[in-house]
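Subject: The structure I promised you

Hi,

Here is the structure we talked about, with the sequence alongside. Have a look at it first, and then read on for what turned up.

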Amino acid sequence: MLPWKRALRPLAALLLAAAATAVPVATAQAETQADSQAESASSRGWNDYSCKPSAAHPRPVVLVHGTFANGVDNWLTLAPYLVNRGYCVFSLDYGQLPGVPLFYGLGPIDRSAEQLAAFVDKVLAATGAAETDLVGHSQGGLMPRYYLKFLGGAAEVHTFVGIAPSNHGTTLNGLTNLLKYFPGADDLLTTATPALAEQVAGSAFLAKLNAGGDTVPGVSYTVLATRYDEVVTPYRSQFLSGSDVHNVLIQDLCPLDLSEHAAIGLLDRIAFHEVTNALDPAHATATTCLSAVG
């Protein structure tokens, strides 16, 4: 029988790369597809750098994708939803690993936060706005907190909405607790996909991020969670503590909403209605099951 460490490597690699099995072999082909995606986003009304925020919506919205996602596919529904409501909307790719195109959010989270900081500066310069609002899904609801806390982002961000964020890490329904029984598993995870390792409950990254409090002054926080989340578990670990925090369980607004981790960020118009309420609280309206068709 093979030693545990040798047996673990192909198994862990298979599990961690499952979402990336469709990565094209040819880099040129991948770059062409990425360019096509960027053009698609612009044609749908977001990532339009000629957009100037209106008096009704004076801050541009930056969308921050999750792990294994990218700045187009994660937002094919929410970005047009916001554009149609008069917002200037932008999205970025971050956390690229060498040789892995199209699937992002895998690199060290602190470096991804630096990419976000540079992107926000670019958006503010293009739009002439003084501040932006951030909306992130999964890791995208966690990573910007590093930017806010350690990279001066609080001076440039008014509102931050996290959809199913990994704020206090995940146990993957207890599966991460098994890592200690597989020698070398933590090292493999950290080397292959740093962002995944940093989102495991109890990681050193999370300890640093959450030390001294979950939030920073001057930013309004909203967290949207679903009780059916199977990725960031337990789901209540997503909620933040702080003086300017609004934690929302989607099923409290619509008990019929069955969205899980992916759907709440990709498709859930009930969650999207809560996003617009957070972005424009002065004109917020009640979110109900009927918001799905609003």
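What percentage of the 294 residues of the protein count as buried? The figure is 50%. Before you go further, keep in mind that this is a predicted model.

**The overall picture**

The protein has 11 helices and 6 strands. Its accessible surface comes to about 13200 Å², and carbon and sulfur atoms make up 60% of that. If you take the contacts with a separation of 6 or more, 75% of them are between residues 24 or more positions apart.

**Aromatic pairs**

I then went through the aromatic rings, and the count is 5 aromatic pairs. One of them is Tyr49 with Phe90, a tilted pair with 5.0 Å from centre to centre and 50° between the planes. This pair links distant parts of the chain, as its two members are 41 residues apart. Tyr49 is in the loop between helix H2 (27-43) and strand S1 (61-64), while Phe90 belongs to strand S2 (residues 89-92). Are they buried or exposed? Tyr49 is partly exposed, because its relative accessible area is 30%, whereas Phe90 has 0% and so counts as buried.

Another pair is Tyr146 with Phe150, also listed as tilted, at 4.7 Å centre to centre and with 50° between the planes. These two sit in helix H5 (residues 143-150), and because they are 4 residues apart there, about one helical turn separates them. Tyr146 is buried, with a relative accessible area of 9%, but Phe150 is partly exposed at 35%. Together with Phe205, Tyr146 and Phe150 form one aromatic cluster.

**A closer look at H5**

How many of the 8 residues of H5 are buried? The answer is 6, so this helix is mostly covered. The buried ones are Met143, Pro144, Arg145, Tyr146, Tyr147 and Leu148. What do they pack against? Their partners are S1, helix H4 (109-127), strand S3 (132-137), strand S4 (157-163), helix H8 (204-210) and strand S5 (220-225). H5 is followed by Gly152, which has a positive phi, near 80°.

**Charges over rings**

Phe150 turns up again here: the charged end of Lys208 sits over its ring, 5.1 Å from the centre. Likewise, the charged end of Arg85 sits over the ring of Tyr81, 3.6 Å from the ring's centre.

**Phe272**

Tyr81 leads on to one more residue, as it is in contact with Phe272. Leaving aside neighbours within four places in sequence, Phe272 also touches Thr77, Leu78, Ile264, Gly265, Leu266 and Leu267. You can find Phe272 in helix H11 (residues 269-279). Its relative accessible area is 0%, so Phe272 is buried. Between Phe272 and Ala292 there are 8.7 Å in space, C-alpha to C-alpha, and the two are 20 residues apart in sequence.

Cheers

Note on methods:
Residues are numbered from 1 along each chain as its sequence is written. This is a predicted model: local features need pLDDT of at least 70, side-chain atom pairs count only at pLDDT 80 or more; totals for chains, interfaces and linings use all residues. Side-chain values use heavy atoms; hydrogens and water are left out. Buried means under 20% relative accessible area, exposed over 50%, partly exposed in between (1.4 Å probe, protein chains only). Contact means heavy atoms within 4.5 Å. Accessible areas come from the Shrake-Rupley method with a 1.4 Å probe; for residues, only the protein chains shown count as cover. Rings of Phe, Tyr and Trp (its six-membered ring) pair if their centres lie within 6.5 Å; planes under 30 degrees apart count as stacked, over 60 as edge-to-face and the rest as tilted. A charge sits over a ring if NZ of Lys or CZ of Arg is within 6 Å of the ring centre and within 35 degrees of the ring normal.
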